[in-house]
Amino acid sequence: MGRRYILLASGLVVAGCVQAQSVDDALAIRPEQSESNLSVDGRTQSLELELAGVGYRWRPETFVGEEPSTGSARLSATWRLRHPFNNRWSLIVNDALDIGWYRHEKPFVADNVRHTLQEAYLSGRLGGSYIDAGRFNERIGVAYGYSPNDVFRRHTIISRVSEDPIAMRNNRLGTVGMRVQQLFERGSLVAVVAPRLRQRASEAVLSPYLERTNSDWQASLRAGVKLPLETQLEGVAHYRERGRVQWGVNLSTGLGDSVTAYVEYAASPDADVISRALALDPGRPFAQTSPLHSHRSRYSVGLTVTPKPNVTIGLEAQGDDTALDRGELRLLMAPATPSQLQTALAAASYASETQDNLGRHYGLLRASWTNICGSRVSASSFVRWNVLDHSRFSWLQLEYPHASGSTALALAHMGGDKATEYGNGRARVTAQLSINWHF
Amino acid sequence: MCCVAPQLFNPLPVHAASPATAPADAEAMNILEASDAIRFPSRSFRMNIDLFEYRGGKQVESLLLTVFARIDPETRAIGNLVRYERPAKDSGKLMLFHGRDLWYYDPASHANIRLSPQQRLIGQAANGDVMATRFASDYTAAHAGEEEVSDGEQVKRECVKLLLGAATPTATYDKIEYWVEKGSYRPVKAKFLSQSGQLLKTAYYRKFETSLDSPRPMEMVIIDGLNAGLVTIMRFSKFSYRTVPVSWMQRDFLPRFQEN
């Protein structure tokens with residue numbers, strides 16, 4: 001009986017997915033409009049609006065007396081401009097504004113306006129070199145989730161509108177400085193210099209938050225080369241004031257038709273995450289102030305497999321020797337005194353702000369499935385698993401495109417025992433429904 | 001109608017074939033070369049592709065792409081840099097296809113993402129469908145007789161039928177049944193098959209117009225092998241010869257791309 005229902009259901013699904021017609025019908029289709037007559041002069045400008053409703057389910061056992069659930073709404077606007085002045089120089093601007101409304105609050109409070117000046121820079125060519133000057137997003141590395149070579153990521157998220165690592169890289173502050181790139185036939189050399197511009201925290205609502213990205217002098221040099229067998233190798237050196245030099249290397253390769261693999265490694269003289277969190281100076285909260293340590297390693301190793309053209313599965317192992325081992329993590333997550341609680345809150349907040357790790361080992365499994373069953377719905381998801389305390393963060397997003405944007409439903413779940421990294425989070429389940437338009 | 005001789009298909013595993021092992025014949029390869037010269041120019045060029053995706057006769061999506069094809073003057077190997085122009089949400093995104101090296105670049109995140117050749121980015125069309133390719137570089141060809149078949153305008157054409165087998169790792173499909181018009185060498189129809197012989201999609205070439213000194217198909221209709229309701233129409237336009245430097249064919253160039 002059950003099998004009959006399964007067969008019937010399968011038939012309905014197939015019927016729903018397949019709308020067969022003849023080859024003659026297909027050949028009779030004549031597209032009317034063509035956009036290729038539009039002039040394509042390299043100038044692009046777009047405005048992206050997103051309206052989102054967010055609902056939370058809280059952990060009642062942890063936060064006794066609070067409401068078990070709450071919600072908020074958000075309106076985000078992102079303006080992207082690429083304006084060429086001539087065939088050598090262009091202006092690039094990416095600027096985002098987020099306005100949030102929370103339950104039990106007045107319709108508008110200034111604290112809920114978040115400004116992220118992602119990029120504003122001049123880009124051009126001088127001789128054979130490419131030059132950028134202004135605020136730009138210097139993204140280094142090849143890993144999907146945790147990217148230890150991505151040294152300019154710290155303190156760059158002003159408005160965390162999604163847990164998707166790709167969205168977080170889209171919505172972050174760039175660093176102010178100068179970048180020079182020299183391209184060769186099979187590789188390139190990139191040098192970046194970023195000056196110290198401001199160290200005190202900004203109070204203004206629409207601040208460019210220079211202190212978050214430019215509180216120390218920084219410089220980096222990276223060299224990439226294309227090797228045989230679809231392999232790309234990159235070496236990175238990054239200097240930060242007070243003698244901190246991080247060395248890194250990343251490599252990615254294709255393995256046949258449906259597999260890609262990557263590895264990313266970095267070594268730096270950083271103290272452990274708790275020391276770094278507690279050494280922060282309130283007068284210059286984004287500067288590196290912790291003492292130097294002997295070099296420690298961070299790494300990320302990953303593999304993606306595409307079993308079908310519209311399905312991709314990825315696996316990533318992440319390690320960070322500056323993070324906490326099993327015993328240290330257990331102590332941190334079960335504070336017995338107010339001072340331990342303060343330490344735990346400071347470390348968790350620091351790790352979140354710097355996109356660093358609390359625990360030493362994580363695994364990440366991700367999957368994406370586009371055009372599910374021939375429909376226009378696409379799904380992407382990941383689970384990040386703390387190997388030491390077995391807690392996990394799961395995220396699933398379903399997206400449906402429409403003519404000028406898309407509608408997305410994102411669900412996030414934090415799982416694990418109370419005294420674990422993700423089990424200790426305030427919001428157990430989060431749901432976000434968002435609609436965005438591109439103009 | 002000529003029977004398809006299964007042994008003419010390359011019996012080796014996917015992408016393991018080589019011209020030495022495939023029973024190609026010189027005449028078939030000459031026809032394939034002549035047809036390639038009609039499908040795309042023989043030196044580096046630029047073109048636009050309007051890509052329309054239909055489901056059950058209704059248009060559900062459209063894209064405008066610009067393709068910069070670099071043809072190596074020595075090896076004749078083709079590398080492709082593809083830029084999204086429309087829709088607005090994808091404008092400026094880039095794809096680089098160079099051999100089996102496949103990269104996707106999003107200017108919003110400045111992220112270069114390595115993709116596998118299998119990953120599909122655009123509707124029902126395979127990545128290889130939006131690239132300029134030379135069948136003669138990637139496949140061995142064998143003559144399989146002559147047939148009268150309907151072209152994309154549903155007009156009967158006298159054709160030579162060729163059986164193509166993947167000869168390089170960069171070939172998008174394992175096998176292709178390919179009909180070329182006798183005398184003119186115009187491509188008429190192609191059936192793209194899996195290693196097991198399953199029909200993946202059928203393509204019809206139509207709307208021939210002279211561009212860059214040769215009559216070329218300005219539209220390609222791709223019909224899904226399992227469901228004829230899934231149709232992708234590719235409209236080619238604005239062919240022009242263009243120098244495409246070899247330094248464009250690498251990941252680190254993508255953030256620097258500017259056409260002029």
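This is a predicted model: local features need pLDDT of at least 70, side-chain atom pairs count only at pLDDT 80 or more; totals for chains, interfaces and linings use all residues.

Me: How many residues of chain A and chain B are in contact?

Reply: 76 residues of chain A are in contact with 65 residues of chain B. The area buried between chain A and chain B is about 6,000 Å², and carbon and sulfur atoms give 47% of that.

Me: Why is the link between A:Asp132 and B:Arg256 called a salt bridge?

Reply: The closest N and O atoms of A:Asp132 and B:Arg256 are 2.8 Å apart. The cut-off is 4 Å between a side-chain nitrogen of Lys or Arg and a carboxyl oxygen of Asp or Glu, so the pair of A:Asp132 and B:Arg256 qualifies. The count between chain A and chain B is four salt bridges. By class, the side of chain A that touches chain B has 20 charged, 36 polar and 20 nonpolar residues.

Me: Why is B:Asp101 called buried?

Reply: The relative accessibility of B:Asp101 is 4%. Buried means under 20%, so B:Asp101 counts as buried. B:Asp101 is placed in strand 5 of chain B, residues 101–106.

Me: What makes the link between the side chains of B:Asp101 and B:Arg114 a polar contact?

Reply: The distance given for the two side chains is 2.8 Å. The limit for a pair of N or O atoms is 3.5 Å, so the link between B:Asp101 and B:Arg114 counts as a polar contact. Not counting residues up to four places away in sequence, B:Asp101 touches B:Leu96 and B:Arg114, and also A:Lys226 and A:Glu230 of the other chain.

Me: Is A:His155 buried or exposed?

Reply: A:His155 has 7% relative accessibility. That value is under 20%, so A:His155 counts as buried. A:His155 is found in the loop between strand 5 (129–136) and helix 3 (165–170) of chain A. Phi of A:His155 is near 65 degrees, a positive value in a residue other than glycine.

Me: Why is B:Gln154 called partly exposed?

Reply: B:Gln154 has 38% relative accessibility. Buried needs a value under 20% and exposed a value over 50%, so B:Gln154 falls in between and counts as partly exposed. Its place is in the loop between strand 7 (139–150) and strand 8 (156–166) of chain B. B:Gln154 also has a positive phi, near 60 degrees.

Me: Which peptide bond is cis, with omega near 5 degrees?

Reply: The bond from B:Arg86 to B:Pro87 is cis. B:Pro87 is found in the loop between strand 3 (78–86) and strand 4 (94–98) of chain B.

Me: How do you know that strand 11 and strand 12 of chain A pair?

Reply: Strand 11 (residues 259–268) and strand 12 (residues 296–308) of chain A are joined by ten bridges in the antiparallel sense. Pairing needs at least two bridges, so strand 11 and strand 12 of chain A count as paired. A:Ala266 stands opposite A:Arg298 in strand 12 of chain A. Strand 12 of chain A also pairs with strand 13 (residues 311–320) of chain A, antiparallel and over nine bridges. There, A:Arg298 stands opposite A:Asp320. A hairpin joins strand 12 to strand 13 of chain A through two residues.

Me: What makes A:Asn386 buried?

Reply: The relative accessible area of A:Asn386 is 0%. The cut-off is under 20%, so A:Asn386 is buried. A:Asn386 lies in strand 15 of chain A, and A:Tyr362 stands opposite A:Asn386. Leaving aside neighbours within four places in sequence, A:Asn386 is in contact with several residues, including A:Leu329, A:Tyr362 and A:Tyr422. The side chain of A:Asn386 reaches the backbone nitrogen of A:Asp389 at 3.3 Å.

Me: How many residues lie between strand 15 and strand 16 of chain A in their hairpin?

Reply: Five residues lie between strand 15 and strand 16 of chain A, and A:His390 in the turn has a positive phi of about 65 degrees.

Methods:
Residues are numbered from 1 along each chain as its sequence is written. Chains are lettered from A and ligands numbered from 1 in the order in which they are written. Side-chain values use heavy atoms; hydrogens and water are left out. Contact means heavy atoms within 4.5 Å. Buried area is the accessible area (1.4 Å probe) that two parts lose on being put together, summed over both. Ala, Val, Leu, Ile, Met, Phe, Trp, Tyr, Cys and Pro count as nonpolar, Asp, Glu, Lys and Arg as charged, and the others, Gly among them, as polar. Helices (H or I, at least four residues) and strands (E, at least two) are DSSP runs, numbered from the N terminus. Buried means under 20% relative accessible area, exposed over 50%, partly exposed in between (1.4 Å probe, protein chains only). A polar contact is a pair of N or O atoms within 3.5 Å; within protein, one must be able to donate a hydrogen and the other to accept it, and residues adjacent in sequence count only if both atoms are side-chain atoms.
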